[in-house]
Amino acid sequence: MAPLVAEALARLAQREERTEEDDLVFPGIAGNHLDGAALYRRYKAALKRAGLRDLRFHDLRHTFGPR
């Protein structure tokens with residue numbers, strides 16, 4: 001795991017809510033699983049905020065893996 005990713009995930013453990021072992025890392029507003037449409041909207045918004053080109057969600061599995 002990349003050091004920056006490990007650091008970001010470690011910071012999540014410091015939050016005040018949803019830190020139990022079975023809690024979701026990226027929950028929906030109510031703390032449940034995100035539905036597909038909500039996940040897609042968040043993904044597209046994150047791409048835009050980051051100034052990245054439009055990528056299909058599936059493309060992510062090819063961007064960070066062993067070579």
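View 1. At 18% relative accessibility, Asp 59 counts as buried, where buried means under 20% relative accessible area, exposed over 50% and partly exposed in between (1.4 Å probe, protein chains only). The model is predicted: local features need pLDDT of at least 70, side-chain atom pairs count only at pLDDT 80 or more, and totals for chains, interfaces and linings use all residues. Residues are numbered from 1 along each chain as its sequence is written, and side-chain values use heavy atoms, with hydrogens and water left out. Asp 59 sits in the segment after helix 2; helices (H or I, at least four residues) and strands (E, at least two) are DSSP runs, numbered from the N terminus. Asp 59 forms a salt bridge with Arg 56, with 2.7 Å between the closest N and O atoms. A salt bridge is a side-chain nitrogen of Lys or Arg within 4 Å of a carboxyl oxygen of Asp or Glu. Arg 56 is exposed, its relative accessible area being 55%.

**View 2. The salt bridge between Lys 44 and Asp 54.** By the same rule, the count of salt bridges comes to two. Side chains of opposite charge can pair when their charged atoms come close. Here the side chains of Lys 44 and Asp 54 meet at 2.4 Å, N to O. Lys 44 lies in helix 2 and Asp 54 in the segment after helix 2, so the pair ties together parts that are ten residues apart in sequence. Lys 44 is partly exposed at 22% relative accessibility, whereas Asp 54 is exposed at 59% relative accessible area.

**View 3. The aromatic pair of Tyr 43 and Phe 57.** One aromatic pair is found in a search of the whole structure. Tyr 43 and Phe 57 form this pair edge-to-face, 5.1 Å centre to centre and with 90° between the planes. Rings of Phe, Tyr and Trp (its six-membered ring) pair if their centres lie within 6.5 Å; planes under 30 degrees apart count as stacked, over 60 as edge-to-face and the rest as tilted. Tyr 43 is in helix 2 (residues 36-50) and Phe 57 in the segment after helix 2, 14 residues apart. Tyr 43 is buried at 9% relative accessibility, and Phe 57 is partly exposed with a relative accessible area of 43%.

**View 4. A nonpolar surface patch that includes Val 5.** Met 1, Val 5, Leu 9, Val 25 and Phe 26 form the patch, with about 510 Å² of accessible area together. Val 5 is in helix 1 (residues 3-12) and is partly exposed at 40% relative accessibility. Patches are made of residues with over 30% relative accessible area and no salt bridge: like charges are joined within 9 Å, nonpolar side chains (Val, Leu, Ile, Met, Phe, Trp, Tyr) within 5 Å. Accessible areas come from the Shrake-Rupley method with a 1.4 Å probe; for residues, only the protein chains shown count as cover.
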